[in-house]
Amino acid sequence: MIESLPLFHRIAGRPVIVTGSGEAAEAKRRLVERAGGQVVADLSQGIAQGARIAFIAEEDEAAARAGVAQAQVAGLLVNAPDRPMLCDFTVPSILDRTPVLLAIGTGGASAGLAKQLRLRLEALLPQTLGALARALLAARPALRARFSDPGERRQALDAALAQGGVLDPLTDAGPERVARWLSEAADPASETVEIVLRSADPDDLTLREARLLGSADLIRHEAEVPEAILDRARADAGRRVLGEPYEQPRGLLVILRAAQDH
């Protein structure tokens, strides 16, 4: 089970409460302004203006607790820097390739760990990643026209964006290739793959098996397959226990069988 649900919240042009006067407060003000939000320093004023989130960055413990309580009573989601037990949400370390954003969080356990992970990933992800995302957005009407079925469209994109694919996002050449890929892409074929698990531990999945689960349009599985394995599939992939009626997808069907010693 994940301990918190990662969300991307649009705040451009909207009031966001940031109280406090120390370094933590200044950092949160810069973050809100970077995302286009309107910083409101007064808690009551921000509530009156319809703010939905608040950063209570008071250095004094009693002031922080009072501010958090007031904001939560008003229905706001609250972050209190360095006080994870008071937080409704935590702020991740952000890797920015706008419009692509990677958020790395530790649930407040260690900001330093999140930062070091971000720095490692910075070296892996090219600056052109945002340009690729914008090119795919511009090509969306043409992509829907070329692949009208959602399953086929997803399958074609998965193949193009996979490692070594024509639109591999870890290369610098992706954005310029979108139009050519669309004109040359072949129709994807429906596919059925069976995976027999070796254990109930999702870490025992091979890289290929994990990739198949992450791309599947429908998962048919034995009832004994643990939830931890099923959680590795796409969140919006269909699920059916073997024996239940199902409709063959136009895309990838993965059949999961439990480990033989279940």
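Predicted model: local features only at pLDDT ≥ 70, side-chain atom pairs only at ≥ 80, totals over all residues.
Leaving aside neighbours within four places in sequence, which residues is I219 in contact with?

View 1. Residues are numbered from 1 along each chain as its sequence is written, and side-chain values use heavy atoms, with hydrogens and water left out. Beyond those sequence neighbours, I219 is in contact (heavy atoms within 4.5 Å) with L213, L230, A233, G238, R239, R240, V254 and L256.

**View 2. The largest nonpolar core.** This core has 16 residues, and I219, V254 and L256 touch the most other members. Such a core is a set of buried Ala, Val, Leu, Ile, Met, Phe, Trp, Tyr and Cys residues joined through side-chain atoms within 4.5 Å. β7 (191-196), α9 (207-215), α10 (227-230) and β10 (252-257) each give two or more residues; the largest share, three residues, is from β10. Helices (H or I, at least four residues) and strands (E, at least two) are DSSP runs, numbered from the N terminus.

**View 3. The two sides of helix α8.** In α8 (residues 174-184), G174, P175, V178, W181 and L182 are buried (under 20% relative accessible area, with exposed over 50% and partly exposed in between; 1.4 Å probe, protein chains only). These residues lie on the same side of α8 because they cover an arc of only 95 degrees around the axis, taken from the directions from the helix axis to the C-beta atoms. Exposed residues E176, A179, S183 and E184 are carried on the face turned away from the buried side. Among the elements covering the buried residues are α5 (129-138), α6 (140-146) and α7 (150-161).
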